[in-house]
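Please look over the sequence and the structure shown here, and then read the briefing that follows with the picture beside you.

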Amino acid sequence: MLKDYIKEKNWIFENENNDAAEKLSLKLGLPKLTASAVLNRGGDNIDGYVNPDKSLFYDPFLLKGMDKAVEKIKAAVKNMQTIIVYGDYDVDGITSTYILMHYLKSIGAVVSYYIPSRTDEGYGLNERALIELKQKGADLVITVDLGITAKKEARLCADIGLDLIITDHHLPIEGQIPEDAVVINPKISENYPFKNLAGAGVSFKLVCALSDMNENIFNYYIPFCAIGTIADLTELCGENRFIAKYGLEKIKDVKNIGLSALLNIAKINADKISSAEVSFGIAPRLNAAGRIARADVSVELFMSTDADKANETALYLNNENINRKDEEQKIFKRAVEIIEKNNLDKNNVIVVAEKNWHHGVIGIVSSKITEKYYKPSIVISIDGDNIGKASGRSIAGFDLFEALKKCESVLDKYGGHSLAAGLSVKAENIAKFDKMINEYAKQIMTDEILTPKIKIDDCILISDVNLKNVHSLSVMEPYGIKNPLPVFCIKNVKIIHMRNMQDKPHSFLTLSDGKTEITAPAFGLKDKILCFAEGETVDICGTLGENTYNGSLNAQFIIRDIRASRKTFFSKDDLRKLYVVLKNNDSKNIKISHLANAIKCGSLKIYRMLTVLKELDMINFTLDDEIYIEKDKNFFKTTDLSASEEFNIYSN
């Protein structure tokens, strides 16, 4: 257990300009800790960050292809041609489909929609579906949240006389951008200032262009755009920050029976909704249908005009989400067994495969594996035709999309972003793919990339953990990629009491800075905290929040990580005590718990002090369940402690 926590995470202290934070604090009337966090995110446009307004919403016609798409759609509506909105099965695709489908229907278009089955058809345009849609009378297909690499499928549409408009936001692959379709994608629009719209953002832009930026239409659809934008983990800065913030504010005004039913079953207050409630309340339920069953259930929820039917559908989605969690946990547990049995966690990229894992949850499983091992992971489900369908997640510094491009010779299909991607591969090529992507990763990965990083906005005191400061942080909502929840550090606090939950991986620490005490939860950190002991001095970093206990509302500090305090973790006297114990012990195999009990400290302190002795050539040791120690050449000599790097970091 101790071995897992010896290597500390890299704490990056971002606020190095206290004067600027103090000035901004005075200017905005915000506490200094909030001003520091705003400075770290606002860049050159602090006013635009704090008060994002419609000036951040760019003219839809700046998007390449928008004018042609609008002309083609208006002609199709006027001529009563049959339009099909072809969407993806995730939340971004569902909201994109609803936005465009509902608007076209409201202006009298002959319109329907099509979402492929995740299990049977997989991601993207497929030829069989396009042929069937044409046979059933479709004249125009408009994709949302997909299609940027569908060059072959676009050629098919041209051959069978099916008009095609592609709206997408994914990264294009060189040579694969369709030439036989009108394409709208901010990533290939040279004149469009913001490249990172979600699929729902592009669909919303199309509706804005079709409606000549009608204000009522804008206000009705932007909440759905916000849900898709937040759920798809796009960057919540610039234009996306405006969409997310304004869209969440407008949810309370939207008269949509299905959305109301969903909020009700998720127990979310529409008057005060956060990005976290979208990510963990709304999105998983909308996603559950596409992961386990059919994504069109979620579209129908939003399209519903019957309250009883909407409530029934919302309940169904809630139950499907429960089923999704069970399936996800089962696959995750099995994947970890395979990884640890075969030492796959030693690879730079973890590739794990098995037959008949549910395609709908392997992306979530990949996220959990990457979180557990802090390495890129690719989870592959092999179907009956010996085709592996996979989802992958990555870490900062390793572009997964670029890695897949280097492996395209053994892949059937791939696509995605730097941190998340999907692919299909023949079962017979999985081993080749595993070897190829790890050979590529070997050239890219460094110890720095493989070390988890925590960016810290500012150092605060225990006394700063109060409701006034907590409430001041609301100016930074909504949180997400490129706008994370602020993280603060409290240094040099003594552990007064540790309470570890028996049946859960959580702990509660009572800490003191000599003036004030605080009790802080540390969710999922019990094993790490067990490496410390009461009385030791530590640094903690984490987030500020609210907690209601016995009817009383209080501020709380939620610990995200804990480390040994610099310069104060152990003393020369602690080292002397350890030296005496080792001197009087002739055994080479000593339990670390024995040493910890002997000098009344935690196992991590023992390890740090042993490292000092090793650096000074006083001992050699190896760490396993027990410590194997051999006295070295300088054990009985006088030594200079300052020659030890470990001593200089953790003592003085």
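**Briefing on a predicted model**

Helix H2 (residues 32-42) has eight of its 11 residues buried, so this helix is largely enclosed by the rest of the structure.

**The enclosed helix H2**

- The residues of H2 that count as buried are Leu-33, Thr-34, Ala-35, Ser-36, Ala-37, Val-38, Arg-41 and Gly-42.
- These buried residues pack against several helices, namely H1 (18-28), H3 (46-50) and H18 (467-472), and also against the strands E13 (458-459), E14 (488-500) and E17 (537-549).
- Directly after H2 comes Gly-43, a residue whose phi is positive, near 60°.

**The parallel sheet of five strands**

- Five strands, in the order E3-E2-E4-E5-E6, form an open sheet in which the pairing is parallel.
- At the edges lie strand E3 (110-114) and strand E6 (182-184), each of which pairs on one side only.
- From one strand to the next, the twist averages 20°.
- E2 and E4 run parallel and are joined by five bridges, and within this pairing the bridge partner of Val-85 in E4 is Ile-142.
- E4 and E5 also run parallel, joined by five bridges, and here Val-144 stands opposite Thr-167 in E5.
- Strand E5 (residues 163-167) is joined to E6 by three bridges, the two strands running parallel, and the partner of Ile-166 in E6 is Val-183.
- Helix H4 (residues 66-78) packs on this sheet, where it touches strand E2 (82-87), strand E4 (140-144), E5 and E6, and its direction makes about 120° with that of E6.

**Strand E4 in detail**

- Which way do the side chains of E4 point, and are they buried or exposed? Leu-140, Ile-142 and Val-144 point one way, Val-141 and Thr-143 point the other way, and all are buried.
- In a regular strand, the side chains alternate between the two faces of the sheet.
- Five of the five residues of E4 are buried, so the strand is largely enclosed by the rest of the structure.
- Together with helix H7 (residues 151-160) and E5, strand E4 makes a right-handed β-α-β unit.

**The antiparallel sheet of three strands**

- Another open sheet has three strands in the order E19-E21-E20, and its pairing is antiparallel.
- Its edge strands are E19 (589-591) and E20 (619-623), each pairing on one side only.
- On average, and with direction ignored, neighbouring strands of this sheet are turned by 30° against each other.
- E19 pairs with strand E21 (residues 626-631) in the antiparallel sense over three bridges, and the bridge partner of Ile-590 in E21 is Ile-627.
- Helix H21 packs on the sheet and touches E19, E20 and E21, its direction making about 60° with that of E19.
- Helix H22 lies across E20 and E21, and runs at about 140° to E20.

**The helix pair H21 and H22**

- Two packed helices are described by the angle between their axes and the distance between the axes.
- Helix H21 (residues 592-599) packs with helix H22 (residues 603-615) at an angle of about 95°, and their axes are 9 Å apart.
- Angles of 65 to 115 degrees count as roughly perpendicular, and therefore H21 is roughly perpendicular to H22.
- Where the two helices meet, H21 contributes Ile-592, Leu-595, Ala-596 and Ile-599, while H22 contributes Ser-603, Ile-606, Met-609 and Leu-610.
- Sorted by class, this contact of H21 with H22 has seven nonpolar residues, one polar residue and no charged residues.

Terms used. Residues numbered from 1 in each chain as written. Predicted model: local features only at pLDDT ≥ 70, side-chain atom pairs only at ≥ 80, totals over all residues. Heavy atoms only, no water. Pairing = 2+ DSSP bridges. Helix = DSSP H or I, 4+ residues; strand = E, 2+ residues; numbered from the N terminus. Axes fitted to C-alpha atoms, helices over the stretch in contact; angles between N-to-C directions. Contact = heavy atoms within 4.5 Å. Parallel < 35°, antiparallel > 145°, perpendicular 65-115°, else oblique. Nonpolar A, V, L, I, M, F, W, Y, C, P; charged D, E, K, R; others polar. Buried < 20%, exposed > 50% of the residue type's maximum accessible area, 1.4 Å probe, protein only. Right-handed = clockwise from strand over helix to strand, strands pointing away.
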